[in-house]
Amino acid sequence: MSEQNLIGLSELIEQVKQELLTTSPENEKDIPLLSVDSVELELQVTVKNEGKAGIKIYVLELGGGNSQDDVQKVKVTLSPLLNKEQMLAIYKKKYPERWNELLETSIEGGMKGNEQPGF
């Protein structure tokens with residue numbers, strides 16, 4: 001397996017973190033409907049012992065081909081430092097003018113499929 005097909009585990013986690021933190025400019029005004037409680041990554045990795053460098057863990061690129069490296073499965077769970085209640089309190093303080101809209105959007109999103117007359 002060539003080095004160009006490998007990415008370090010810490011590099012992958014950093015890329016996932018940056019992707020989760022990135023919002024597209026056109027969506028900055030959108031009211032959030034869902035929150036991320038945790039992100040679970042299940043990866044196939046290869047472990048290499050590289051002399052003085054110690055042990056390196058690389059994420060495998062999926063696809064065809066053979067490799068003689070020792071392949072392991074690793075599950076990594078990423079969780080936010082703040083819980084949902086703490087994040088809601090911060091959102092309410094930061095965007096007080098949007099708080100009611102957030103509540104209405106959350107209720108409407110949570111009630112999808114429950115459209116019953118008189119409900």
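**A walk through the predicted chain, starting from a tyrosine**

Tyr-95 has a relative accessibility of 23% and therefore counts as partly exposed, where buried stands for under 20% relative accessible area, exposed for over 50%, and partly exposed for what lies in between, all with a 1.4 Å probe and protein chains only. The model is a predicted one, in which local features need pLDDT of at least 70 and side-chain atom pairs count only at pLDDT 80 or more, while totals for chains, interfaces and linings use all residues. Residues are numbered from 1 along each chain as its sequence is written, and side-chain values use heavy atoms, with hydrogens and water left out.

Tyr-95 takes part in the one aromatic pair that the structure holds. The ring centres of Tyr-91 and Tyr-95 are 4.9 Å apart and their planes stand at 50°, so the pair is tilted; rings of Phe, Tyr and Trp (its six-membered ring) pair if their centres lie within 6.5 Å, and planes under 30 degrees apart count as stacked, over 60 as edge-to-face and the rest as tilted. Tyr-91, at 13% relative accessibility, counts as buried. The ring of Tyr-95 also has the charged end of Arg-98 over it, 4.1 Å from the ring centre, a description that requires NZ of Lys or CZ of Arg to be within 6 Å of the ring centre and within 35 degrees of the ring normal.

Stepping back to the fold, the protein chain has three helices and four strands, which follow one another from the N terminus in the order β-α-β-β-β-α-α. Helices (H or I, at least four residues) and strands (E, at least two) are DSSP runs, numbered from the N terminus. Of the 119 residues, 18% count as buried, and the accessible surface comes to about 9800 Å², with 52% of it belonging to carbon and sulfur atoms; these areas come from the Shrake-Rupley method with a 1.4 Å probe, and for residues only the protein chains shown count as cover.

The largest nonpolar core has nine residues in all, namely Ile-7, Leu-9, Leu-12, Val-16, Val-39, Leu-41, Leu-43, Val-45 and Val-76. Such a core is a set of buried Ala, Val, Leu, Ile, Met, Phe, Trp, Tyr and Cys residues joined through side-chain atoms within 4.5 Å. Both α1 (9-21) and β2 (39-49) supply at least two residues of this core, and β2 gives the most, with four residues.

Among contacts (heavy atoms within 4.5 Å) between residues at least 6 apart in sequence, 66% join residues at least 24 apart. Lys-84, in helix α2 (residues 84-94), is in contact with Ser-35 and Asp-37 once its neighbours within four places in sequence are left aside. The C-alpha atoms of Lys-84 and Ser-35 are 7.6 Å apart, although the two residues are 49 apart in sequence. Lys-84 counts as partly exposed because its relative accessibility is 40%.

The loop between α1 and β2 holds Val-36, which is partly exposed at 43% relative accessibility and has its C-alpha 7.8 Å from that of Pro-80, 44 residues away along the chain. Asp-30 lies in the loop between α1 and β2 as well; its relative accessible area is 46%, so Asp-30 is partly exposed, and its C-alpha is separated by 10.0 Å from that of Glu-101, 71 residues apart along the chain.

Confidence remains to be considered. The average pLDDT (the predictor's confidence in each residue, from 0 to 100) is 76 for the protein chain, and 65% of the residues score at least 70. Among the elements, strand β3 (residues 55-59) has the lowest mean pLDDT, 65, whereas α2 has the highest, 93. Where pLDDT is low, the predicted coordinates should not be read in detail.
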